[in-house]
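Dear colleague,

Please find the structure below, handed over for your files.

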Amino acid sequence: MYAQMVETGLKKVQDLADMTPQERAFQARIDADVKIEPKDWMPEAYRRTLVRQIQQHAHSEIVGMLPEGNWITRAPSLARKAILMAKVQDEAGHGLYLYCAAETLGVSRDQMVADLHAGKVKYSSIFNYPTLTWADIGTIGWLVDGAAIMNQIPLCRCSFGPYARAMIRVCKEESFHQRQGFDIMMTLCRGTAEQKAMAQDALDRWWWPSLMMFGPPDAASVHSAQSARWKIKLLSNDELRQRFVDQTVPQADYLGLRMPDRHLAWNEERGHYDFGEIDWNEFHEVIKGHGPCNRDRMHTRVKAWEDGAWVREAAMAYAEKRAAREKAAA
Amino acid sequence: MSAEWPLWEVFIRSQHGLAHKHVGSLHAPDAEMAIRNARDVYTRRNEGISIWVARSADIHASSPGDRAPLFEPSNDKVYRHPTFFPMPEEVKHI
């Protein structure tokens, strides 16, 4: 998802027998659906895992602005430009809500930015694919934001208060993102043959990477099981992926587009769509930094941060100077 | 690396006459910029008509460990709730 393969640093899921009395009391609060707040005692592994997860999520929102920002100047009309700008601005906002949530756990903003730039913390694999045509912007809103909603709605109920509250804000805004994407796709699919072909081409390129967003099957993963006990992961990757496929295939049918998967078929018995094998090699390559745009994305992020340094320094120097003047006058 | 901008807590009052409510935090060099940034981060969809910001460092909070001694004294004073006093059916408007 926006946070993929988050490690807990633990070798096995913690049973009650492994826990100190304090840890047991903590688990009991989670089991009773009591929210954990920043000043509450928490196991170090819970804190570290959440920092990792929320941070990855925040970085994904920020890096996720790049593939779309790419199209702001080339959007086909003034209305589309304004809408896309509002959408990209929301993504910045989502990143900021999430950074704030992570900061309540005692990690500084500068540290998180430094970790991203040093490649120590990842962002979602999906943002390492290029946006070649305008239809890619429609497809991202429809599929990528659609997948994000699928993942983020359960997280509104997660055990850590600041993260849950950030997710509620994010989910309220995310629906606009998905609908503006679907609206772009509808317009293209009702347009000329070339426009429809463009929509199909974008779907062909984005479908599989969108399914990879949910991460590899994790039913047997210690980290996922532990995160589930801590209620910071509420559904398995495969459950979320299946829901996403079930919801999205009829939408593609409506658009008159076909999914690039010859194994895709409704399974009456299961009451779900069956779908083909995902190329997990591709996913792992992208995660390791060998996707089509990894280097470009990081280069752009680092450059933006470095080019903005003088603004941050000047604003701080001005604030300090003014505070000193006020103090002297008092 | 330059010094990090200080952290501010943001409080927004919505249009419906409610009190300012904590919505989150952000970094800004001073109060003026904190209010401007809060507008962009927390009020993109008519969430409010008034913004307060306060330096996070200036906020003092009760400690979670003191929760019991702090709040228990009021828990046994159930007579503070009007439902403590049963009223006869036939008595109206009370």
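By class, the lining of the largest pocket has 17 nonpolar, eleven polar and 13 charged residues; Ala, Val, Leu, Ile, Met, Phe, Trp, Tyr, Cys and Pro count as nonpolar, Asp, Glu, Lys and Arg as charged, and the others, Gly among them, as polar. This is a predicted model, in which local features need pLDDT of at least 70 and side-chain atom pairs count only at pLDDT 80 or more, while totals for chains, interfaces and linings use all residues. Residues are numbered from 1 along each chain as its sequence is written, chains are lettered from A and ligands numbered from 1 in the order in which they are written, and side-chain values use heavy atoms, with hydrogens and water left out.

The largest pocket holds about 1300 Å³ of space. A pocket is an open set of points on a 1 Å grid over the protein atoms alone, where a 1.4 Å probe fits, with protein on both sides within 12 Å along at least five of seven lines; lining residues have an atom within 4 Å of a point. A volume is the space filled by probe spheres set on the points, which are joined across faces, edges and corners. α7(A) gives the largest share of this lining, seven residues. Helices (H or I, at least four residues) and strands (E, at least two) are DSSP runs, numbered from the N terminus. At least two lining residues each come from α4 and α7 of chain A and from β1 (7-13) and β2 (21-27) of chain B.

The second largest pocket has about 970 Å³ of space. Of its 33 lining residues, Leu96(A), Arg109(A), Trp305(A), Arg312(A) and Trp5(B) are the closest to its centre. Here the largest share, six residues, is supplied by α4(A).

Turning to the interface, 25 residues of chain A are in contact (heavy atoms within 4.5 Å) with 23 residues of chain B. The area buried between the two chains (accessible area, 1.4 Å probe, lost on being put together, summed over both) is about 2000 Å², of which carbon and sulfur atoms give 51%. In chain A, Asp110(A), Arg169(A) and Met316(A) lose the most area to chain B, together 24% of what that side buries.

The rule finds seven salt bridges across this interface (a side-chain nitrogen of Lys or Arg within 4 Å of a carboxyl oxygen of Asp or Glu). Glu173(A) forms a salt bridge with Arg45(B), with the closest N and O atoms 3.4 Å apart.
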